[in-house]
Amino acid sequence: MGQFIVVSNRLPVTILREGDQFRFKPSVGGLATALSSVMEGRKFIWLGWPGLPREEFEGQKERVERSLAELGCCPVCLSKEELESFYYGFSNRTLWPLFHYFLQYTIFDSHFWEGYVRVNQEYAQKVVEIAEEEATIWVHDYQLLLLPYLLRQKLPKASIGFFLHIPFPSYEVFRVLPWRIEILEGLLGADLIGFHTFDYARHFLSSVRRLLGYEHELGLILTQERAVQVEVFPISIDYRKFSEAPAQPEIQKRIKKIRSQLEGRSLILSVDRLDYTKGIPERLKAFELFLERYPEFRGKVVLLLVGVPSRTEVEQYQELKREVDQLVGRINGRFGTLSWTPIWYLSRGLPFEELAALYYLADVALVTPFRDGMNLIAKEYVATVPEERGALILSEMAGAAAELSEAILVNPFNLENQVEALREAFELPKDERLVRNRRMKERLRRYDIRRWAQDFIQTLSEVKKVQESFVSLVLTGAARQELLRAFSQAQSPICFLDYDGTLTSFVGRPEKAFPDPELKKILRDLAQKAKVVLISGRDQETLTQWFGDLPVSLVAEHGIFIYDGGNWTPSGDFNDEWKETVRPILELYTDRTPGSFIEEKRFSLVWHYRLAESELGLMRAHELKEALLDLAHTLGLMVLEGNKVLEIKPREINKGEAARYFLQRHPYDFILAMGDDWTDEYLFEALPPESFTVKIGYGLTKARYRLENVKEARRLLEEMARSRK
Ligand code: GDG
């Protein structure tokens with residue numbers, strides 16, 4: 001097992017300053033626990049910022065590095081100025097608000113961006129200094145979105161994984177970012193990109209498709225150079241640590257103490273970093289309305305609000321703190337009595353023991369963020385609270401809602417909804433609580449933070465295998481000899497040949513790509529020695545006109561029509577009822593895109609945008625493709641992207657199926673297939689494994705072999721014809 005490097009913005013250490021000396025205490029966050037459980041026996045290094053600006057270590061850098069190295073950590077020392085633009089700037093004032101849908105707080109500042117690029121480069125530099133050639137590198141979170149690409153440049157053989165801990169926003173929000181292309185390209189340097197939920201992954205894939213034009217299949221993106229897997233890994237917690245916490249004597253003591261302070265009242269718990277994404281003011285307003293509407297709860301419940309101060313130098317956070325202080329004051333002033341304070345407000349972090357005691361005691365946990373990547377508080381609460389007692393009120397907008405569906409789910413923007421959820425939580429019968437909590441606990445127990453990390457690392461190593469399956473050999477030397485030998489000895493050989501891009505180079509106007517005399521001769525000679533099938537996306541008329549005089553079979557429109565001597569016939573009995581559903585959508589896009597038009601073919605619909613204004617046409621084509629995606633899936637259709645056209649047709653029509661038509665009618669003992677684009681991948685996939693499948697040009701492929709260009713393709717066919725008697 002090779003070297004393993006984790007890179008995150010912060011190192012998992014707390015720095016304690018004692019005079020001029022520093023002490024470094026490892027902090028035991030969830031990730032650190034998870035990794036220690038899967039890293040046994042591996043060389044493991046954690047790389048990140050140690051938490052203080054470089055200026056504070058002046059003159060002591062080496063000593064600091066040595067102390068951190070003892071903890072398995074390697075520091076990236078950042079100056080105050082770098083932290084200003086990279087961390088407080090681009091990370092926290094651009095990416096954080098934008099990715100949490102707070103466009104109104106998002107600042108686009110090229111100075112921040114430059115700092116972000118520079119610091120990502122510094123992280124890359126540091127990783128490159130310590131990394132082995134084939135290291136596994138796991139990069140974390142939104143501060144390091146460019147790092148995978150920067151690492152890939154220097155470490156092409158490394159396994160690079162990336163995990164995003166915050167939401168990935170919908171394309172409509174992401175597209176606003178001036179540096180959106182750079183960010184996507186940065187991420188695509190990874191082999192595996194992980195998100196908490198299916199929705200975040202979907203948003204990312206959609207942005208990649210629309211902005212970079214890369215398709216994906218079940219989350220596997222094929223870029224020009226590599227295959228990148230996108231997957232969902234909902235982060236979890238150290239379940240045992242929380243579920244076993246209440247048995248600890250220290251925590252027992254605290255439970256007892258807080259219980260006596262509660263004097264028999266029910267406890268509603270709210271814990272967050274004081275951040276505008278958490279919906280804290282709305283939560284307080286909902287509590288106020290709850291007390292107003294249901295006076296029977298006055299004096300009977302306490303809301304304990306823990307608001308851990310955060311990013312206090314940023315104005316929106318200062319504003320939020322003021323608002324929360326005021327609301328707490330107002331509600332306590334309005335409803336409090338000499339013997340009852342409705343809200344207990346702690347504006348600081350708590351030691352773990354205290355937090356665990358509160359989780360244990362809380363009858364209700366109120367977790368209502370506007371947006372949250374996951375939200376671990378919700379999971380920690382479920383793990384700690386006794387199963388017959390707790391009730392979790394959880395925002396639909398938290399990633400955790402995708403798993404904790406037994407919670408009382410609320411829309412955090414809807415006060416009414418929150419008020420009624422509070423009432424429901426108190427009225428929930430005991431056996432109902434038990435069933436709900438048991439299910440959630442069981443899920444968290446099975447999929448805890450260790451499983452999460454194992455899953456990610458395991459998938460990362462599997463992606464490497466998938467990538468290998470896309471690597472094809474250049475057809476030279478022994479492989480070429482083997483092909484020629486098999487061809488010359490075969491009883492009954494067949495060659496499936498794509499036309500455009502394979503036998504002829506692309507020219508500006510497709511109608512001008514007619515076959516030249518050299519090609520005709522090659523095909524005529526080959527057809528004397530083997531069955532030759534030209535298998536193309538073009539229509540019947542063009543193919544007949546160009547190749548009707550040759551003794552070859554023809555397949556038009558990616559497999560819809562076949563000419564095998566005699567007449568053109570459809571290759572199957574295809575349904576075309578779907579056209580009624582799809583046509584209105586195409587019409588809508590035609591109306592919105594001057595110059596575009598719809599062509600109706602027997603089994604397909606084609607949207608042409610060659611005559612539309614080019615930028616607009618391209619943009620609409622992307623949009624249309626996106627709009628058709630779900631529908632195409634449901635109706636069993638496929639959207640083919642051609643030269644300024646989108647063609648929609650039944651999925652079962654493809655070049656692979658067309659090849660089967662021939663293979664089922666005659667036993668062939670030599671099969672060659674040549675093609676250059678993704679429609680040919682269906683052909684390569686459909687053929688038996690011993691076939692000679694050849695991709696023309698670069699790009700990922702399932703073909704066994706590759707030839708560089710049309711010239712090489714023609715040369716091979718000539719050589720084949722010569723080699724066979
Ligand atoms: C990102 C994403 C995603 C909080 N207050 C105290 C305290 N905590 C601990 C909790 C919990 C963690 O901090 C907070 O959980 P989050 O889920 O908010 O995590 P973050 O790291 O802030 O945020 C988030 C997460 O990454 C993981 O991927 O869930 O959506 O924003 O573990 O226990 N701990 C102690 N005292 C406190 O007062 N001891």
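Phe44 is partly exposed, with a relative accessible area of 26%. Buried means under 20% relative accessible area, exposed means over 50%, and partly exposed lies in between (1.4 Å probe, protein chains only). Phe4 is buried, at 0%. This is a predicted model: local features need pLDDT of at least 70, side-chain atom pairs count only at pLDDT 80 or more, and totals for chains, interfaces and linings use all residues. Residues are numbered from 1 along each chain as its sequence is written, and side-chain values use heavy atoms, leaving out hydrogens and water.

Rings of Phe, Tyr and Trp (its six-membered ring) pair if their centres lie within 6.5 Å. Planes under 30 degrees apart count as stacked, over 60 as edge-to-face and the rest as tilted. The count comes to 49 aromatic pairs. Here are two of them.

| Pair | Centre distance | Plane angle | Class |
|---|---|---|---|
| Phe4 and Phe44 | 6.2 Å | 50° | tilted |
| Phe297 and Phe426 | 5.2 Å | 40° | tilted |

Phe4 sits in strand β1 and Phe44 in strand β4, 40 residues apart. Strands are DSSP runs (E, at least two residues), helices are runs of H or I (at least four), and both are numbered from the N terminus. Phe297 lies in the loop between α11 and β13, while Phe426 belongs to helix α15, 129 residues apart. Phe297 is buried at 12% relative accessibility. Phe426 is buried too, at 18%.

Ring pairs also link Phe86, Phe90, Trp113, Tyr116, Tyr123 and Trp179 into a cluster.
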